[in-house]
Amino acid sequence: MNAEHPSIEPVAVAAPKDRAPAEKVRGGWTRRHLVGIEDLSREEIETVLDVAPQFIAVQQRGSGIKKVPLLQGRLVVNLFLEPSTRTRVSFELAAKRLSADTLTVTASASSVVKGESLHDTLANIEAMHSDIVVIRHAYSGSAQILAERHASHIINAGDGSHEHPTQALLDAFTIRQHVRKYREDPNAGLDGLRVAIIGDITHSRVARSNIWCLTKLGAKVVLCGPRTLMPAGIERMGVEVTSSLQEALRGADVVYALRIQVERQASCLLPSIREYIRLYRVDSDSLRNAPEHALIMHPGPINRDIELAADIADGARSVILEQVSNGVAVRMAIMHLLANSPRPAA
Ligand code: CP
């Protein structure tokens, strides 16, 4: 290097002072991507849940500085090619709180509308040196195919009706937080809990990721909904299935209502919204079948008074906004773990 031709080597970023030793933080984590919960072991899921509390603490700092420099100098790109409020904002905030540079690309404001392929879009983003790419896409398997071909860490933020892994992780974290408080046991897990998931199971990536996650953590999952919205053979995932809401709610520690996609009515999978409400709405009447302590959860966005009564969504047992708050810390934990995963052999 000489003065006329300065080095174009990247500027070395000093190791942040509050960065814990990598091995200690990683807890044996070796994955470069988060594509789905199906691939994860119980230990890997628990690593994410165990790393997240340090990021809850960052968000609750009294000093007002709710940031740590763990991803300083890294670029996180949110590639959201389907609508999203919670997940997109949560990832963006999580990346900012880790001090990363962030960019958000949405379908309508990108060259995807001009017909550019997903691989080409990502190749161009990577030419600008992205480190982590968060992808939401309508195509099931999109995150996997990107992870196979690209160098950035890929995080699946929802792919078609396949998986929504960060939703399941933040849900499990929220449940575990409440179980630990309720039982006054800081080590309590989800083993033996009964979780009722109600609604359109067939089209729900949230349901699929939650089934994998909750069963791996030892919970008993019962699925409930109209037969037309229940995949044939879903019992093979180790769950119980019923079309009776009363039966599903009996003994449930967690009642998880899914968003009913009203467009399903057009494809005749729902007899009518009125009929769905009569049989499957989680409300004060149907909740008489559930224990007093049952938590009410929903991934959002809620169709108020369709799958979930508004007073229950806003009521004392609802932890829906806690899910959203915890989502930032859980996503910080995931990005931190992935960014510190070992590099593949050259
Ligand atoms: N829960 C969830 O995925 O919400 P968004 O579609 O708003 O991201």
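Tutor: A polar contact is a pair of N or O atoms within 3.5 Å; within protein, one atom must be able to donate a hydrogen and the other to accept it, and residues adjacent in sequence count only if both atoms are side-chain atoms. This is a predicted model, in which local features need pLDDT of at least 70 and side-chain atom pairs count only at pLDDT 80 or more, while totals for chains, interfaces and linings use all residues. Residues are numbered from 1 along each chain as its sequence is written, and side-chain values use heavy atoms, with hydrogens and water left out.

P301 lies in the loop between β9 (295-297) and α10 (310-313); helices (H or I, at least four residues) and strands (E, at least two) are DSSP runs numbered from the N terminus. Most residues other than glycine have a negative phi, and most peptide bonds are trans. S99, in the loop between α3 and β2 (101-106), has a positive phi near 70 degrees.

For context, an automatic or database assignment sets the domain bounds: domain 1 is 42-163 + 326-339 and domain 2 is 165-323. Their centres, taken over C-alpha atoms, are 26 Å apart. Contact, meaning heavy atoms within 4.5 Å, involves 27 residues of domain 1 and 27 residues of domain 2. The two domains bury about 2100 Å², 56% of it on carbon and sulfur atoms; buried area is the accessible area (1.4 Å probe) that two parts lose on being put together, summed over both.

Between the domains there are 13 residue pairs in polar contact, both residues at pLDDT 80 or more. On the side of domain 1 that touches domain 2, two or more residues each come from α2 (42-59), α3 (86-97), β3 (132-137), β4 (153-159) and α11 (320-339). The largest share, nine residues, comes from α2.

Three salt bridges (a side-chain nitrogen of Lys or Arg within 4 Å of a carboxyl oxygen of Asp or Glu) also link domain 1 and domain 2. The side chains of D50 and R176 form a salt bridge at 2.9 Å, N to O.
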